[in-house]
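Dear colleague,

I am passing on the structure below, together with some notes on what turned up when I went through it. Please read the notes with the model open beside them.

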Amino acid sequence: MNDYPLVDQDPAPQWYGRLRVRADDLSPANWLSRSEPGALGTVAGVAAPGFAAYARILHPARLDERPVRWSAVAAAHGTRVTPLTRWHQVIGTDQDHADRSDGLPGVWDEHPGEGPTPPDVARVLLPVLARHTGTPDRCWFGLWSGYGRWDWSRFATFGTPGRDEVLLAGRLADAVSPVTLDEFAELPDLWWPQDRTWIVGGDVDLVSTYVGGSPGLIGDLLAVPGLEVHPVSPGDPVG
């Protein structure tokens, strides 16, 4: 929900990068609400229920602007990463103090980015997703209406657990176009193709992206060298 709109928000655009804002027909998102939604704070609540397999993609930490895997950070801190590990557990602190850490010299100096899928992760993810849909040129996206820069009140939204989403339409190849054309834009939180063979889900408060799809898709994601991926279950808590 966007309960605290900013006074100086810009009017929301008709195009978000090369993705078209759908103002008149939200029916492509109906399937997300027709089935029993996943519980708030779970994998299925961030992505969607009903898929055969799910994966968690960890947003990388940084060192001098370069991506750093959680596993490398964990090794340096003497901890370990499991499919459900939270970032504060990786760096060996409590959750309330995780953002106060300045990093570890030579290992990491910037926390994983909170929010929807980071652009560098998304670019690696795109070709894998494209191989697992028959409709890569007909895709749908959900953008949380609460991102503070734009006033989305003139557009209808559809609901997901805890969020109201603006519906966008475009090609899978254009999923990263918002940040290509505007470096301060956020990528969409939700992505799915017309044939609904998979869904990608993220959230403003998370440092992970979640994918639901076929076992073959999840297996392919686990094998991608440029991604740090763990298999998860739909009822698992998110982080």
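Does D174, judged by its relative accessibility, count as buried or exposed? Keeping in mind that this is a predicted model, D174 has a relative accessibility of 6% and therefore counts as buried, the limit for that class being under 20%. Its partner is R171, and the two side chains meet in a salt bridge with 3.1 Å from N to O, although R171, at 39% relative accessibility, counts as partly exposed. Elsewhere, salt bridges with shared partners link D10, R149 and D182 into one network.

In total the structure holds 9 salt bridges, and R22 takes part in those formed by D24 and by D25. For D24 the closest N and O atoms are 4.0 Å apart, and D24 is exposed, with a relative accessible area of 71%; for D25 the corresponding distance to R22 is 3.4 Å, and D25 is partly exposed, with a relative accessible area of 30%.

The other part I looked at is helix α3, which spans residues 70-77 and in which W70, V73 and A74 are buried. These residues lie on the same side of α3, because they cover an arc of only 100° around the axis. Among the elements that cover the buried residues of α3 are the strands β4 (53-58), β5 (61-63) and β6 (66-68), as well as the helix α4 (87-90). After α3 comes G78, which has a positive phi near 75°.

Notes. Residues are numbered from 1 along each chain as its sequence is written. This is a predicted model: local features need pLDDT of at least 70, side-chain atom pairs count only at pLDDT 80 or more; totals for chains, interfaces and linings use all residues. Side-chain values use heavy atoms; hydrogens and water are left out. Buried means under 20% relative accessible area, exposed over 50%, partly exposed in between (1.4 Å probe, protein chains only). Helices (H or I, at least four residues) and strands (E, at least two) are DSSP runs, numbered from the N terminus. The arc is that of the directions from the helix axis to the C-beta atoms. Contact means heavy atoms within 4.5 Å.
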